[in-house]
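Hi there,

Here is the structure I promised to pass on. Have a look at it in your viewer first, and then read on for my notes.

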Amino acid sequence: MSDATLSPSAAPQAEAAEPSLHRVMGPWLLLLFIVGDILGTGIYALTGQVAKQVGGVVWLPFLVAFVVAMITAFSYLELVTKYPRAAGAALYAHKAFGIHFITFIVAFAVMCSGITSASTASRAFAANMSHAFGLNLAGGIGITIVGLAFMALVAAINFRGVGESVKANVVLTCVELTGLLIVIFVGLWAIAAGQGDVSRITQFKPAGDGGLFWPVIAATTLAFFAMVGFEDSVNMAEETKDPTRTFPKILLAGLVITGTIYVLVSVSAITLVPPEQLGEGETPLLKVVAAGAPNFPIWIFGFITMFAVANSALINMLMASRLVYGMSREHVLPPVLGKVHPTRRSPYVAIGFTTLLAFALITFVGEVPALGGTTALLLLCVFTVVNIAVLMLRKDTVEHEHFRTPTILPIAGAVFCAFFAGPWTGRDPVQYKIAGILLGIGVVLWFVTVMVNRATGVRPSDPMMEDIGGRGPVN
């Protein structure tokens, strides 16, 4: 009998019979994994758009986003040490509320955030390739065509089957980190040589009229995309040595390291390139390197950027297709989405479904801020649920010791995440339309599946770790 046909009562026994994962990750490997998940498309693609919102204090929205992410990380720390399995937001929501529809919406929102993140990465890939190699692609149409071709390549790789490993993650992390360190060192070198204008870092120039508060809030809704990925690390808890002791300090250290890197990159960028220039186009960091080190081969940095965002797109589309496949196995999405190719053993229908959604986003939305902002919007809603779940699960006691976050932090996390997801932040209304359409597709598919289940006498099984407890979106 397959896992998909297990009844709710049989699921716990089957899960209990499964062997645990091998605990191979020490502190340094875990730290690299966390830093690698957070670094990526956000800082490479959106620095200029943040500068357009606030001017020279471009570092401030990244700092605020870091604080909000840090507060939510404390909630994840309590959950991951309390339930040290390769779980995720959907399973935490199910454990807290026990309502299948809520579990489904959380899982589908995570899936959608992966697709919007991958679409952002494909757009950034095309733009960086055009500028780094002097292709001069014709306006938005050329970038869109390259983005679609890139996404088709990602789908082909996804269909063929990709084996992921921690060692590969270490290599990719080093590539992504190298690109950002180049920006930082170019900035520091230029500043030491008297180039650029350091005074810009304190100059606030909002896009519209008003004070500092609301423009920074609006910019933070974009900058938060750069912090995506820390929540994915909870899936490595079962493979971490002594997770209750190791995980909290390593996750927090990873967040501090990436937050520091983002602030330094922002300072270097705004010192070398005026905010109005930085906000033009979709390759802000290429402009920074070209301004601070004119003799540096720009194609090398462009290649690093392409490599970083390509990795993000592939991992996110892998996650999205496997999550759709898993929800089909749980009988909350149509069975056809759970079909597996007989020779490649990949979920080809789910890959096709998620790729078509990505094609639509790249073609009809296209712009990086709208796609990246939608990713942040979806995840802020998910993080709100996770923060509430921590409080709901306080009554659920476990026998082993675990990290316990101060009660004020999940309360603050829920309030802050809900606040930054709201329309009062100045968030572009198109982001709500994109998120609404994506979730609406999910709700329609849910109700179709419910009707089919009733007609065939099938009922949803309790969600299982291997189906919807997998990876979340990464940056």
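A residue is called buried here when its relative accessible area is under 20%, exposed when that value is over 50%, and partly exposed in between. Please keep in mind that this is a predicted model.

Let me start with the cysteines. With a relative accessible area of 1%, Cys112 is buried. Cys417 is buried too, at 0%. How many disulfides are there? The count comes to zero, where a disulfide would need two cysteine sulfur atoms within 2.5 Å. For Cys417, the closest cysteine sulfur belongs to Cys381 and is 9.2 Å away, so the two are too far apart for a bond.

Cys417 also leads us to helix α16, where it is one of the buried residues, along with Pro410, Ala412, Gly413, Ala414, Phe420 and Ala421. The helix covers residues 408-421, which makes 14 residues. From its first C-alpha to its last it reaches 20 Å, close to the 20 Å expected at 1.5 Å a residue. What do the buried residues of α16 pack against? Their partners are α4 (59-82), α9 (213-223), α15 (368-392) and α17 (429-456).

Best wishes

Terms used. Residues are numbered from 1 along each chain as its sequence is written. This is a predicted model: local features need pLDDT of at least 70, side-chain atom pairs count only at pLDDT 80 or more; totals for chains, interfaces and linings use all residues. Side-chain values use heavy atoms; hydrogens and water are left out. Buried means under 20% relative accessible area, exposed over 50%, partly exposed in between (1.4 Å probe, protein chains only). Helices (H or I, at least four residues) and strands (E, at least two) are DSSP runs, numbered from the N terminus. The expected span of a helix is 1.5 Å times one less than its number of residues. Contact means heavy atoms within 4.5 Å.
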